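Take a walk through this structure, one side chain at a time.

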Amino acid sequence: MTIQEMERKSGLDRTNIRFYEREGLLNPQRRENGYRDYSEDDLQLLLKIKLLRRLGFSLDAIRSLKDGDTALDDALARRLASIGDERRELDATERVCSEMRQDGASFPTLDAQRYLNTYDQTLRLPSGVRANVPESDRVEPVRCPWRRYFARAMDLSLVTLVIYLILALVFHVNVANLNGLPEWLLGLLGWLILIPLEALCLSRWGTTPGKWLLGIRLEHINGRLLTFEEAVWRSFSVFAKGEGLTIPFYNLYRLWKSYKAVSDGEGAEWDEDVTIVVSDLRWWHPARYIAVEAAHFAVTFIFVALIPMMPLNRGDLTVEEFVENYNRQARYMGADDLILQTDGTFVSKYDTGYGTVVIDLDNNKNLEFTFSEENGILTEIAYTREMFNIYGRNTDGEGMEAIQLAIMSFAWADAPLWAPASSQNWANELSAFRIGTLEQDIYHCHMVYTAELTGERLDSTGTFLGKEYTFTFRLYRLPENT
């Protein structure tokens, strides 16, 4: 049957029928043309809904009856008990209203406490128990503290990402090495930038990227958007009281206190004049949040971790371009105590300008590169040095560090973008190497490193003083057809 027939047979308006369909209580079939086709069972179900609604059953109670989760007899027993409560409340209401009319009460001079006492006495409530206002007069507090936390974390991470991008790409700072106080200061800077940006978003759109992803919106209790000043003060309060000014350990305490206040329904201090509108959590909320997090990770990995590690000069290099790459990589890795010169020698960055005096009591040969060129293009980097070690083990640490920087500056000049991500193999082998020869093909280059024990040093009495080593290193460009 059509909806017109359903209206006529049920005595309900089509807007009521559509409402029950939207609530999932009524599910008619669809014809090929898209119109609803109501059956006799649909009509009987609609009449049952109509009856139960007139008897005062809630939609949830009817849904439970329809799904078979509740027996009708149990539901009727509960409804009869609630009718008794309603009857007593109506009797109390009738008595108080009559008394107020007989007393000629007016609103300006109304003695509310007197009539509240009469109302409670008529209900015959136990001593100390008072009737409350209707539940519909309550504003249910918005809890979901974790959704709110992750929304704010997303906003902060996006701001921090911009800071890291500027540090890595503009100032060539290795942000992975920022620990302790520098890392804390960057976090603090992120919050100081976030406060006005978040306030701008809230005053313009009522939400932020993180809040939008998780279906959260903020309004003033009057229904309008927050002003910029109100939003700034709220964001600062979150920073000061919710995050504890990011002070270590104290911030954990403040986060816990804020979590308890929100989860217990008390609300956060900074939301006193704010209405938080939270949509029902749907599958796409966490899905799009995870998608943005994945994009955030990808951007961080590529533009903060990979690209800054690649050499500035690419392709075929001159000696000058290699030296520029080397010193730039040394600064990035925090290994720039020695600065490479175009003649292959190293000088201390602490040189005062009057020359650096090196006193070598063990007659060790200082680190010095030799360069081979072909038509002005650098083709090979090498060094040979002799070392004496009283502990009897390979101590060419300075040379190994220079080898890694040379590979990053020369071999990576022809390498793909992901070269830093695939460097762990040769780097680990080089760090663990002690005596012998280590060879590696690294992209279009070949590395050969040899550590040779050449003898022992004794004093005039024959007492062992230590071992002598010779270290050689070559990094050269392979022929194009190799």
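Is Tyr149 buried, partly exposed or exposed? Tyr149 is partly exposed, because its relative accessibility is 34%. The model is a predicted one, and every value here is computed from it.

Start with the ring partner of Tyr149. Trp146 and Tyr149 make an edge-to-face aromatic pair. Their centres are 6.0 Å apart, and the angle between the planes is 85°. Both residues belong to helix α7. They are three residues apart there, so about one helical turn separates them.

Now move to a pair that joins two helices. Phe150 and Tyr289 are edge-to-face as well, because their planes meet at 75° with the ring centres 6.4 Å apart. Phe150 sits in helix α7 and Tyr289 in helix α12, so this contact ties together parts 139 residues apart in sequence. The two partners differ in cover. Phe150 is partly exposed, with a relative accessible area of 38%. Tyr289 counts as buried at 10% relative accessibility, because the limit for buried is under 20%.

These are examples from a longer list. The count of aromatic pairs comes to 25. Ring pairs also build a cluster from Phe322, Tyr326, Phe346, Phe369, Phe371, Tyr383, Phe410 and Phe473. A ring can meet a charge too. The charged end of Arg288 sits over the ring of Trp212, at 4.1 Å from the ring centre.

Next, the surface. A nonpolar patch there covers about 1200 Å². Its members include Val162, Ile166, Leu169, Val170 and Phe171. Which elements give two or more residues to the nonpolar patch? They are α7 (145-170) and α12 (284-306). Ile302 counts as partly exposed, at 30% relative accessibility.

Last, the cysteines. How many disulfides does a search of the whole structure find? The search finds zero. A disulfide is a covalent bond between the sulfur atoms of two cysteines. The cut-off for a disulfide is 2.5 Å between the sulfur atoms. Cys144 counts as partly exposed at 22% relative accessibility. Cys97 is also partly exposed, with a relative accessible area of 43%.

Conventions: Residues are numbered from 1 along each chain as its sequence is written. This is a predicted model: local features need pLDDT of at least 70, side-chain atom pairs count only at pLDDT 80 or more; totals for chains, interfaces and linings use all residues. Side-chain values use heavy atoms; hydrogens and water are left out. Patches are made of residues with over 30% relative accessible area and no salt bridge: like charges are joined within 9 Å, nonpolar side chains (Val, Leu, Ile, Met, Phe, Trp, Tyr) within 5 Å. Accessible areas come from the Shrake-Rupley method with a 1.4 Å probe; for residues, only the protein chains shown count as cover. A salt bridge is a side-chain nitrogen of Lys or Arg within 4 Å of a carboxyl oxygen of Asp or Glu. Helices (H or I, at least four residues) and strands (E, at least two) are DSSP runs, numbered from the N terminus. Buried means under 20% relative accessible area, exposed over 50%, partly exposed in between (1.4 Å probe, protein chains only). Rings of Phe, Tyr and Trp (its six-membered ring) pair if their centres lie within 6.5 Å; planes under 30 degrees apart count as stacked, over 60 as edge-to-face and the rest as tilted. A charge sits over a ring if NZ of Lys or CZ of Arg is within 6 Å of the ring centre and within 35 degrees of the ring normal.
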